[in-house]
Amino acid sequence: MTTPIALITGAGRGIGASIARRLRTDGFHVVIGDIDHATAGAIASELDGDASIFDVSDSAAVDAAVDAVVDAHGRLDVVVNNAGILETADDVIGRVAANMMAEPGTPPEPISVISTMTDEAWDRMLKVHLYGTFFVTRAALRHMEPARSGAIVNLASIYGLSGSAINSSYAVAKGGIVQLTRSVGAEVAPLGIRVNAVAPGFVDTDLLSRTPPPFIDAAVGTVPARRLGTADEVAEVVAFLASDRASVCNGEVWTLSGGWAGV
């Protein structure tokens, strides 16, 4: 039996690493895509896979990396678009914190997320998340379409469905991924290729740990389940969508929010 090949971007740590471990358990040979040599190499070594070092926001680098995977293994069965960043400016955090600690009845200060955002910050968020997902998807489909098979799973976010007052560029980028998933899923469904997305809520990862504890506590307080999700829980849903068990799923967006999505 031929070993299926999976490429996971941003898999050097966090959710991406959990996804790589889960797919390895399912019998995939995993290719750990990441911009960080050390972390990608460590996970690849742990899972007896390959490390592929590239920046998802560089279309030429993406094309070369995806082509190299196919050249090395002769196929590409699953792609997981997980690479991403989450950046909230310190001054925005300070303004939100001040409003949270203000006396009841005190008029809130403007958070000023959009009005103070630079062109560079806006572009970076969209380039990594939305453009990166597009670049990798496009490169993968160039191989999956002739094969008439394959599965792509994109990491969106609950913010891509709801919006976010303090991470608007992130929410916009993730919202774009939601629509990219639905559009491409409809396009390639007749070819036997599936494109779906997972939209997690608040997940306990290194990325979230950089957020001040009061904000995490406040976020958890809005979740009906009263807890953060885990990277392994996200990986379980990704593994399902990557498998033939999800053969009827295409253009779907699966939320994992502890009930927050339905509030």
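A polar contact here is a pair of N or O atoms within 3.5 Å; within protein, one must be able to donate a hydrogen and the other to accept it, and residues adjacent in sequence count only if both atoms are side-chain atoms. The model is predicted, so local features need pLDDT of at least 70 and side-chain atom pairs count only at pLDDT 80 or more, while totals for chains, interfaces and linings use all residues. Residues are numbered from 1 along each chain as its sequence is written, and side-chain values use heavy atoms, with hydrogens and water left out.

I'll start with arginine 22. It sits in helix α1, residues 14-25; helices (H or I, at least four residues) and strands (E, at least two) are DSSP runs, numbered from the N terminus. Its side chain makes a polar contact of 2.5 Å with the side chain of aspartate 26, and another, of 2.8 Å, with that of glutamate 236. Beyond neighbours within four places in sequence, arginine 22 is in contact (heavy atoms within 4.5 Å) with Ala235, Glu236 and Ala239.

Now the sheet. Seven strands form an open, parallel sheet, ordered β3-β2-β1-β4-β5-β6-β9; strands pair if DSSP finds at least two bridges between them. Strands β3 (50-53) and β9 (253-256) are at the edges with a single partner strand each, so one side of each has no neighbour in the sheet.

Strand β2, residues 29-34, runs parallel to β3 and is joined to it by four bridges. Glycine 33 has serine 52, in β3, as its bridge partner.

Helix α1 packs on this sheet, touching β1, β2, β4 and β5. Helix α10, residues 231-242, also packs on the sheet, touching β4, β5, β6 and β9.

Key
Axes are lines fitted to C-alpha atoms, for helices over the stretch in contact, and angles run from 0 to 180 degrees between N-to-C directions.
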